[in-house]
Amino acid sequence: MTDQQNGRSDPAEEARPRRLALFSPLSLPGLILGALLFSAALTPSLIPRDHLSQGALAGLCFFAGYAIGALFSWIWTYLGLPEIRRLSWRVRGLLLLPFAVIALISLAHTAGWQNSVRSLMGMPPVETAHPFIVCVVALALFVLLLAITRLIGALASLLDRCMRRYVPVRLAALLSIALTAIVVWLLASDILARSVFRLLDSSYRTYDALLEPDAPKPTDGGRTGSAASLIDWNELGRMGRRFVASGPDARDISAVTGRPAMQPIRVYVGLQSRQTPEERARLALDELKRQGGFDRSVLVVITPTGTGWVDPAAINAVEYLHDGDIASVAVQYSYLSSPLSLVAQSEYGAETARALFTEIYNYWTALPKDERPKLYLHGLSLGALNSEKSASLFEMIGDPVDGALWSGPPFVTPQWQTISRERNPGSLQRLPQFRDGRLVRFMDQHGFAAQATADWGPMRIVYLQYASDAIVFFDDRDFYRAPDWMKEPLGSDVSPDLRWHPIVTALQLGLDMLLAAGTPPGFGHVYAAEHYVDAWMAVTDVKGWSPQQVDALKQRLAAQSACDGHPCASPDAAVDEKRDVYEGRGG
């Protein structure tokens, strides 16, 4: 029996020189499909893109199309059908020409497509999309990804040749592919990615500890971080110090309302304050009790974003609306940004959020109902995800909290997913209506979806979300089917030129998630103070504010947001700084 009959490779065959896969010819079907996906990648999505991010996206889409086309070409050849490689270079060039023309036409339209997004967001138009730079960046990324892919293929071939000496050919091929896939997966996810994110988190922790405080230590003994506080000022971290040292005081609030006001209470516990989430949560509760937080009319449990940041637009708004008679508490769980945390570990922070809610809720439920504050939950982005996870409706059914405001909930948020999926027939995916609106309502820049058919119940939950926020509306099924929100009338902040393209749209939205915080307030993942005012008024049932007072508050908060929570020299300076940031001059 021969070696071939025995299922083993021929030694003479192994002795023949092999062409390195790294330098094998490019696939014609791959280039054709890659050119089509490259062209589609230049069309608008939810967030404006500069030429560098546009080039990176186009290169990624080009490679994705090439990989799919090359795979089909390989299957075609494996089935013994006529090979395309036998075509002459002239014929191959003629076949590629129309697709190259499509790509050039798309490049010519890129600036107009980007301006269709920028104009909706009040951003200045671009005169050129820098097509040459887009092409160079796209080509460089394509070559890099192709080289990596072919190196992986070379590894599989090496393993295959080694195994053929001991096992049948087909089994060797199967084992080599499986082992290569395992190695790549371990390097890309379980080992490399997680190690990188842990290293980044540790690095940001060290960097944060080295930063000098950007605000002086409070001298008022009632403030978090003061000499009388249970929490050390230097252990709050940069985000914690910014949170407790900023915000309106009683005088600021009275200037808007014309009524006497109180100094709002803000409690924050940084990652360095204690070792475990449970210890940090207990410290937050003790500090909140020390400052008299449970004696206020309103108490807000905040889950911050991945970096530990609390959106000043959100917390400032609710403090004004309640004349300062309010306390808020937050505990940090990470130093990574929300998009990084969401990609690395979507469960990042859930343990801390759960520990804090449990401590606060257990103490709150032990208080007499007529003497305790109204209790609300709040979170933005990853904070919304973890805040929602922290409180189970089934656990609170006997004594529920008073409500929650969750803004920009990520697409993986469980309860949000369920409610959006089970929305009332005929309501929009981007702005659902859920049953009679007694428990849950959705709103965007223009308010709520529609008039609810019932009054609010004992608990009020509001989701604030923009149609242009990819962090909310990304779905991995976008690779192969158009989402419902693209089939519906598009939001006012979404380009009318937006179209669904297989594979490309999902990659576009993936990039949009990384860029979603680079928009003006009121678009993308940057939630505006004026919209928080409307949301908090509904959630906390604010009374005693005239329409003129509400408008004045919105204007004041918008000017503060233009300075990122820091005081501006004047309203005109706020407008100038806001414009500079949007035009890229202000950093």
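Strand β1 (residues 265-269) is largely enclosed by the rest of the structure, because five of its five residues are buried. Strands here are DSSP runs of E with at least two residues, helices are runs of H or I with at least four residues, and both are numbered from the N terminus. Buried means under 20% relative accessible area, exposed means over 50%, and partly exposed lies in between, with a 1.4 Å probe and protein chains only. The model is predicted, so local features need pLDDT of at least 70 and side-chain atom pairs count only at pLDDT 80 or more, while totals for chains, interfaces and linings use all residues. Residues are numbered from 1 along each chain as its sequence is written, and side-chain values use heavy atoms, with hydrogens and water left out.

Both faces of β1 are covered: R266 and Y268 are buried on one side, and I265, V267 and V269 are buried on the other. Strand β1 runs parallel to strand β3 (residues 326-331), and five bridges join them; two strands pair if DSSP finds at least two bridges between them. Within this pairing, I265 stands opposite A327 of β3.

Strand β4 (residues 374-380) contains H378. H378 counts as buried because its relative accessibility is 5%. Leaving aside residues up to four places away in sequence, H378 touches several others, including V300, I302, L405, W406, Y532 and W536; contact means heavy atoms within 4.5 Å.

S381 lies in the loop between β4 and α13 (382-390). S381 is buried, at a relative accessible area of 3%, and its phi is near 60 degrees, a positive value in a residue other than glycine. I503, in the loop between α16 (484-487) and α17 (504-515), has a positive phi near 70 degrees and is a residue other than glycine.
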